[in-house]
Amino acid sequence: MSEYVIETKELVKHYNKGAVKAVNGIDLRVRKGEIYAFIGANGSGKSTTIDMISGTLRPTSGEIYVLGLKLPKDRRRLSNRIGIAPQEYAVYLDLTVWENISFFGRLYGLSRKEIREQGEKLISILKLEEKRDVVAEFLSGGMKRRLSIAIALIHQPELILFDEATVGVDPILRAYFWDFFKSLRDDGKTILVTSHVMDEAEKADRIGLMRHGKLIEEGSPSELLSKYNVRNVEELFLLLSGDENINE
Amino acid sequence: MRISMSRRYKRFSASRVFALSTRVLKQFTRDRRTLGMIIIFPIMFMLVFGVVLSGEVKHVPIRIEVADTGVTNPFTNETVNIGEDILDSLVANDRVEVELASYSESIDMVEAAEIEAAVLIPENFTQDLTSTGNATIKVYYDGTKPQLKASVFTALTEAFKDLSKGGIDFEEIQAFGVGELSGFDVGIPAVMGYILTFLILLLSVLTAIREDVNHTKTRLYTTPITPVERILGYVIALSLFAMVETTIVIAIAIYVFGATVHGNIYLLFGAGLLYGISHIFLAFLLSNFAKNELQSVQMAILIAIPSLALSGMLIPIFTFPEYLKWVAAFVPLTYGIRTFEGIMLRGWGLAELWFEFTVISVLTVVFFVLALLSSSDISSD
Ligand SMILES: Nc1ncnc2c1ncn2[C@@H]1O[C@H](COP(=O)(O)OP(=O)(O)OP(=O)(O)O)[C@@H](O)[C@H]1O
Ligand SMILES: [Mg+2]
C-alpha cells in the first residue's frame, strides 16, 4: 500500500483516439495532510488529471492509487472518502442551497442529524446563511461556487479535490476560504486544488506546474522561488509556462 | 466530528433511490414549463387528433361465405347466382380485401379484431330475390371504427348497384361498442397511446439529460449512488408523472369528450402506467447516447413521429403492405394502442389482451437492461 494519499504512475489521457494528448505521463505524489496546488495554462491538463483521480474519468493508461485504493477499479469504495468540487458548479439549479446540501448528504448515507449539524456548519463557514432557502439558479456565480464547496464537504471526506474552487469568489472571502482550507488540512485532510490565482497557489504546501499534459516542475513555493530566482509564483508561472497558449 | 465507521459503502440502498426520486419530483414542481406540458399538451393533442380522425379507408379485410345455390332455369339449364356476382364485385372493389371463409369462423375473427366484418349470403338468396324481390345479407362487423364499417357497407352497396338489383336488406350485427360510437370514442385510445409515448419520452429524456447539462452527473459519479439506483430513482419519480398523465388523459376522455370505457377502468390505468414505464426506460437508454438537450429531444422525436404512422394510429395496420406490417410489429405504440382500444372500445380484459401485455412487459425489461448496460459511473471521454 502506498504511503501517499494520491499516487499516479505514468498517467496518460488521450481524447479523440489520441488526437488530443490531454495528460501525457504524470507521476504525482500527494502526501496525507498537505495542500497541493496544480497550476498551469488553460488546457495544460489540470482538470483531466483531477477527474481521473476522483474516479470519474477513465485513464488511457497508467496507474492511480488514491487512499490506498486502485482506480478506477475500486472507485466505489472511494466514494465516501473523497469530496469534489468540479470546475463547473455541478449543483442542482432548481433546488435551494439547503436542498442541494441535504440531497448529497442523503446520498452519502448521513443521518438527518448529521446532515443538519454538518450542513449548518458549512453554510455558516461558507457564508451562505442568507441564501439558505434560495433556489441555486438565483445565486451569484461566487455563491454557486461556495455551494459547490459545501456539497463537497458534507460527508467530511479525507481527500478533497477542488478544481478552481475559488473562481468568482471575491478576494476577501478567498483569503478567508484559504484559512478554512488550512484548518481542514490541520485536521488531517488532504487537499488538491487547481488555481489560476497565483498568490493563492503560494499558500499551498506544494505546487505542481503542468504544461502540455506533463508535470514539469514541483516543490514548495519557497523552494521553487529560490530555485528560479523569482519573486513570486506569478513570475514563476510566466517563466515556465507563459508561452503555452501563445504557441498553440 | 469524525465519520462513523458504520457508514460503509452499501451495494444497494433504497434510501439513495428515494433521495433521488424526491429530488426529481421537487425539480418538477419548481418547473412551470414542465407542469404546463403535463396538463396543456394532452388536452391540445386530444382536440387536434380528434378533429382530424375521419376519412376514407381502403383494403379493409373481410371474410365472406357465399352459401347461395342460385336458381337454375329448367328450360335453358342456365344458372343464375346473384351471391356469386356480389362476391365478384366485392373482389374487384379495393375498399375491401375479400377472402372466403365460413361465416362462423369469420365471426370468431371479427371478435378477435383480426378482420372488420363477416358476411354471409344465405342459401336461397337468389331464390328469394327472384321470387319475392327481397333478400337479406348478414353482416357481422366490428363497429369500433366507423370509417372501416363505412368502407364495408359502401363496397356492398356498390356491388348491388353494379347488378342493379334493389330489394336487398342487411341484417347488421355489431360485435363491439354499444350503439353508435362517436369519432372521439374511436380516436381516444390511439390518441392516449400517442400522448403517453410522446410526452413521457420527451419529459424523461429532458429530465435525464439535465444531469449532464448541469454537470451534476460527474458529481453523482463520485457519490455512492450506483447506475441501477440512479435509473430506479428516476423511474419512480417519472412513474408518478406517468400516473398523473394517464389519469388526466382518461379523465378528459370521459368527462370532456364523453367517451365510454367498456372494460375495466383500473386495468386501463394499469396498462397506461406499464406502457408509460416502458417508455421511461427507453428514454433513459436514449439519454445515455445524447450529449445535450437538443440531441435528446431529437431522439425522442425520432421515435415518436414514425410511431405515429407505423402503429396504425392514422391508417389501420391491416391495410399496410406485408413488409410494413413487420415493421409495425416492432413499434411499441402498436401494442399500446391495441391494449387501450381493447379495453376501452371492446371491453376486453387480460384474457384477451395477455399477448399485448406480455409484449409491453418484455419491452420494459429489455429497455431497462439496455439502459443499465449503457449507463456508467465513469466517463471515458
Ligand atoms: N472531453 C474532452 N474531449 C476532448 N478533448 C478534451 C476533453 N476534455 C478536455 N479536452 C482537452 O484536453 C486538454 C486538457 O484539458 P483540461 O480541461 O484538463 O485543461 P485544464 O488544465 O483544466 O484547463 P483550464 O485551466 O482551462 O481549466 C485540452 O486541450 C482540452 O481541449
Ligand atoms: Mg480545468
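Predicted model: local features only at pLDDT ≥ 70, side-chain atom pairs only at ≥ 80, totals over all residues.
## The shell around ligand 1

In chain A, strand S2 (20-26) and helix H1 (46-53) each contribute at least two residues to the shell around ligand 1. Helix H1 of chain A provides the largest share of that shell, namely three residues.

Ligand 1 is surrounded by 15 residues, of which the closest are A:Gly43, A:Lys46, A:Ser47, A:Thr48 and A:His196. The site is shared between chains, because residues from chains A and B surround ligand 1. The space that ligand 1 takes is the largest pocket.

From the backbone, a polar atom of A:Ser44 is 3.3 Å from an oxygen atom of ligand 1. Taken alone, ligand 1 exposes 630 Å², and the protein buries 67% of that.

## Backbone features in the loops of chain A

The peptide bond that joins A:Leu71 and A:Pro72 is cis, with omega at about 0°, and A:Pro72 is found in the loop between strand S6 (69-71) and helix H2 (75-78) of chain A.

A:Ala90, in the loop between strand S7 (82-85) and helix H3 (97-107) of chain A, has a phi near 55°, a positive value in a residue other than glycine. This residue has a relative accessible area of 1%, under the 20% limit, and A:Ala90 therefore counts as buried. A positive phi, near 45°, is also found at A:His212, again a residue other than glycine, which lies in the loop between strand S10 (206-211) and strand S11 (214-219) of chain A. Its relative accessibility, however, is 37%, so A:His212 counts as partly exposed.

B:Glu356 has its place in helix H14 (residues 350-373) of chain B, and it counts as buried because its relative accessibility is 9%. When its neighbours within four places in sequence are left aside, B:Glu356 is in contact with B:Tyr335, B:Arg338 and B:Thr339.

A:Glu235 lies in helix H9 (residues 233-241) of chain A, where its relative accessibility of 24% makes it partly exposed. Between A:Glu235 and A:Arg146 there is a separation of 89 residues in sequence and, from C-alpha to C-alpha, of 29 Å in space.

How values were computed: Residues numbered from 1 in each chain as written. Chains lettered and ligands numbered in written order. Heavy atoms only, no water. Helix = DSSP H or I, 4+ residues; strand = E, 2+ residues; numbered from the N terminus. Buried < 20%, exposed > 50% of the residue type's maximum accessible area, 1.4 Å probe, protein only. Contact = heavy atoms within 4.5 Å. Near = heavy atom within 4 Å. Polar contact = N/O pair within 3.5 Å; in protein donor to acceptor, adjacent residues only side chain to side chain. Areas by Shrake-Rupley, 256 points an atom, 1.4 Å probe, with all protein chains shown as cover. 1 Å grid on protein atoms, 1.4 Å probe; cavity = no way out; pocket = protein on both sides within 12 Å on 5 of 7 lines; lining within 4 Å. Sits in = over half its atoms within 2 Å of the grid points.
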